[in-house]
Amino acid sequence: VEAAVDLRKMLALQAGLALLAVVDAFHAPVMMRRQRVKVKAATDDAISGLTEKLSEFSASVPTNVVDSLKNDSGSAQALVVAQLSLLGMLLIGAIPFVGGALEFVSGPGFLLGGAALAVSGVLELGPKNLTPSSTPVQGNELKTNGVYAYSRHPMYTGLLLMGTGLAIVTHSFQRILITALLYALCDFKADKEEEALSKIHPAYPAYQSTVPKLLPGIDAIFGDDGYLYSSFSSKDKDTDPPPSSSS
């Protein structure tokens, strides 16, 4: 009797498993079909939205271009032409006609110009004021002439120009990256130096307001003011000869 009961239980279990298998066999295709329907609906919605956006652009942009050609000044149109020209040169990777000559001259030019600027800064500052530290030496002396009338930190600028020139000559992306890191370090170190110099020399804040931290072009792009006009216009003001910094 017990054997018969066990047999019936086993048969019932097998029947249940078989039924589950049948149900799963029918259920899986249904779920897959439902998933495909959802994916298709989402895809259709995305395509419809994209098509609508493209239609808006195709309707609006040509009108905007025509209006700008009619109403913009010559200088505004020239800016657009210059932008498109630079993008084209960026895509082809070359500057027509003069690119090769510029590359040949700019590498050695930056190297030599940077070295001359750095050496001039060292000589103008003098051995008594020269220090690698961001803290000025005791009895720091003010300088009122030379390269410090054009850059608050000519030695740092010279090093950055030399790094740029070396990167161009050797076609080294890694040297470009290192030069960028060197700029960030020199800029931070220069700020620390100027904090100390402002405490020692009351005239230093006025010097900061009239002379670029690095070269006018570099300072206009990356400096505190961030505008090309402010860097060049500061040189047009009539000021007393400024003191030197320690770099």
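This is a predicted model: local features need pLDDT of at least 70, side-chain atom pairs count only at pLDDT 80 or more; totals for chains, interfaces and linings use all residues.
User: What makes up the fold of the protein chain, how many helices and how many strands?

Analyst: The protein chain has eight helices and zero strands, so that, read along the sequence, its pattern is α-α-α-α-α-α-α-α. Of its 247 residues, 23% are buried.

User: Why is the pairing of tyrosine 204 and tyrosine 207 called edge-to-face?

Analyst: A search of the whole structure finds one aromatic pair, and in that pair the ring centres of tyrosine 204 and tyrosine 207 are 5.2 Å apart, with the planes at 75°.

User: Which residues form the largest nonpolar core?

Analyst: Ten residues form the largest nonpolar core, namely Leu117, Leu125, Val147, Tyr148, Met155, Leu161, Leu197, Tyr204, Tyr207 and Val211. At least two residues of this core come from each of helix H3 (99-125), H4 and H6. Another core lies apart from it and has six residues, among them Tyr156, Leu160, Cys186 and Ala190.

User: How do you know that the span of helix H4 agrees with its number of residues?

Analyst: Helix H4 (residues 154-170) has 17 residues, which at 1.5 Å a residue should span 24 Å, and because its end C-alpha atoms are 24 Å apart, the two values agree. Among the buried residues of H4 are Met155, Tyr156, Leu160 and Leu161. For helix H2 (residues 74-92), with 19 residues, the reach from first C-alpha to last is 27 Å, close to the 27 Å expected.

User: Why is the contact between glutamate 194 and arginine 152 called a salt bridge?

Analyst: The closest N and O atoms of glutamate 194 and arginine 152 are 2.6 Å apart, and a side-chain nitrogen of Lys or Arg within 4 Å of a carboxyl oxygen of Asp or Glu is what the term requires; the contact therefore qualifies as a salt bridge. This pair links distant parts of the chain, with glutamate 194 in helix H5 (residues 173-200) and arginine 152 in the loop between H3 and H4, 42 residues apart. Both residues are buried. By the 4 Å rule the count comes to five salt bridges.

User: Where in the chain are the partners of the salt bridge between lysine 213 and aspartate 187?

Analyst: Lysine 213 is in the loop between H6 and helix H7 (216-222), and aspartate 187 is in helix H5, 26 residues apart. Their closest N and O atoms are 2.9 Å apart. Lysine 213 has a relative accessible area of 2% and is therefore buried.

User: What makes glutamate 193 buried but lysine 189 partly exposed?

Analyst: Glutamate 193 has a relative accessible area of 0% and so is buried, whereas lysine 189 counts as partly exposed because its relative accessibility is 24%, a value that lies between the limits of 20% and 50%. The two residues form a salt bridge, with their closest N and O atoms 3.3 Å apart, and both lie in helix H5, four residues apart, about one turn of the helix. Salt bridges that share partners also join Asp187, Asp191 and Lys213 into one network.

Notes. Residues are numbered from 1 along each chain as its sequence is written. Side-chain values use heavy atoms; hydrogens and water are left out. Rings of Phe, Tyr and Trp (its six-membered ring) pair if their centres lie within 6.5 Å; planes under 30 degrees apart count as stacked, over 60 as edge-to-face and the rest as tilted. The expected span of a helix is 1.5 Å times one less than its number of residues. Buried means under 20% relative accessible area, exposed over 50%, partly exposed in between (1.4 Å probe, protein chains only). A nonpolar core is a set of buried Ala, Val, Leu, Ile, Met, Phe, Trp, Tyr and Cys residues joined through side-chain atoms within 4.5 Å.
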